[in-house]
Each structure stands twice: as C-alpha cells, then as structure tokens.
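Visitor: Hi, can you walk me through this one? I'm new to reading folds.

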Amino acid sequence: MAKQVAIVLSAGRGTRMNTAVSKQYLLIQGKPVIYYSLKAFQECPFIDEIVLVTGKAEMDYCRKEIVEKYHLDKVTKITAGGAQRYHSVYCGLKAISDCDYVYIHDGARPFVDEEILERAQKAVEIYGACVVGMPVKDTIKISDDSGFAESTPERSKVWQIQTPQVFEFLLVKKCYEKLMAELEEGKEIAVTDDAMVVERESDVKVRLTEGSYTNMKITTPEDLLLAEVFASREKE
C-alpha cells in the first residue's frame, strides 16, 4: 500500500490574533489548537506518519506537552520551520525519507476530519495533486490599484482554498527544490500556498476537492470564539 505522511505546520506567529501566545497554542475546550489537527491525522487509518514543523523555541514544548501528553505516536519527527511558510514546508519535506503521498496542513485548522482526508486521498491518487476548499458563498470583487471594483468573477468558479493540500511526494519535493533554488538566486517570488508552488514549477494541474465550511483557519479572536462553538457541538 502507498505510504502517506502528513506535514502539520505550527511555526507561524499569527500576528492578527494579537496575543503573546502563538495562535496554534491557544486553547479550544482546554486543549491547544494544534492538538486537534494532529489528532485528526493520528486517528486517520491511512496516514502512516506525521511530521510536525514548529518554531525552534517550541520544539520541546510540542514534544512534551502535546505529542507525549496526548499519546500522538504517529508524530515521528518534530523539526524547526523557517522564516516563511514555504521555508517551513520545505523543512518538513526534507524530514521525510520515504513517502508516496504527502498531506500538507496548517496546524491552525483544527477541524479537518476523516471525510475531508478521504476525499483528498481519492483525488491525489487520480490526479497527483489536489487541494481542499469550498466554493465561496459571497460575491467576489477584484479591485484596481486605487481600491475601485474592476471586475466580478463568476462566483461558481471561485473557491476558498483550505488545507490539507495533497501531492505525490516526489512531485512536490522537486517543485519546492526548484523554488528554493530560485529564491537563492535572489528572485522575488510571492507564493501563499503549496498549490502555487506546484503550478509554478511544473505542468501538473491541481484538482480542487471539497473540504468543509467548518474547516476554518484560526486567524483572529473572532475565529477562536467560533471554534469553541464548533468544538462544543462535536462533543454533543
């Protein structure tokens, strides 16, 4: 069977949360946000290993207070991330020695579940690259440089992208190696997710796969309040 590994990113600071503690270590129902993301992959039957990418200063805390405390034995490696998200993803990829498919997930998305992972698994096996997301509910406007509405894309074709983003391991690793080489050459590159790296560095098309409207990212204090509601409903 194919070996499948999850990279869970927990190295970001989350400045929009306006807290001294990084958002992934804030509590939901008494447990850190990152715990819920790790738990989802821990309990998923087809995920073989988890690589946790965190800040260097938080590595011991994650090992003792999260991985060991909650018996997350699929976490085989804890590695330090980098300055930007793409650096952290690359650190995670380098920590994997043998893998067929890799699931790259933001640790600040606590409500990923097995149904989402199953849909992503089926898609990546067919297409080699997929991201989960949901069609937007609101009308989207594209602005010009002066802040005026310039165009309105067709709403049925606009998706709000989430994680995990799932790829054939060798494909995404090769794409990230190309990206890192370009960065070392001094090129200015703006990428905000892994799909953009694959789109930029290969000719592989990325499949959009249904996630969930509850698969939210904790970014602001309001998100944390909503997360408390979602977590309390799951207990019922």
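Guide: Here is a quick tour of the sheet and some of its helices. Keep in mind that the model is predicted.

Visitor: OK. What order do the strands of the sheet have?

Guide: The order is 5-4-1-6-10-7-11. That is an open sheet of seven strands, with mixed pairing.

Visitor: Which ones are the edge strands?

Guide: Strand 5 (75-80) and strand 11 (207-210). Each pairs on one side only. On average, neighbouring strands are turned by 25 degrees against each other, direction ignored.

Visitor: How many bridges join strand 1 to strand 4?

Guide: Six, and the two strands run parallel. Strand 1 covers residues 4-10, and strand 4 covers residues 49-54. Take Leu-9: its bridge partner in strand 4 is Val-53.

Visitor: And what does helix 1 touch?

Guide: Helix 1 (residues 33-43) packs on the sheet. It touches strands 1, 4, 5, 6 and 10. Its direction makes about 180 degrees with that of strand 1.

Visitor: Where does helix 2 pack?

Guide: Also on the sheet, touching strand 4 and strand 5. Helix 2 (residues 59-68) makes about 155 degrees with the direction of strand 5.

Visitor: New topic: which residues of helix 6 are buried?

Guide: Asp-194, Ala-195, Val-197, Val-198 and Glu-201.

Technical notes:
Residues are numbered from 1 along each chain as its sequence is written. This is a predicted model: local features need pLDDT of at least 70, side-chain atom pairs count only at pLDDT 80 or more; totals for chains, interfaces and linings use all residues. Side-chain values use heavy atoms; hydrogens and water are left out. Two strands pair if DSSP finds at least two bridges between them. Helices (H or I, at least four residues) and strands (E, at least two) are DSSP runs, numbered from the N terminus. Axes are lines fitted to C-alpha atoms, for helices over the stretch in contact, and angles run from 0 to 180 degrees between N-to-C directions. Contact means heavy atoms within 4.5 Å. Buried means under 20% relative accessible area, exposed over 50%, partly exposed in between (1.4 Å probe, protein chains only).
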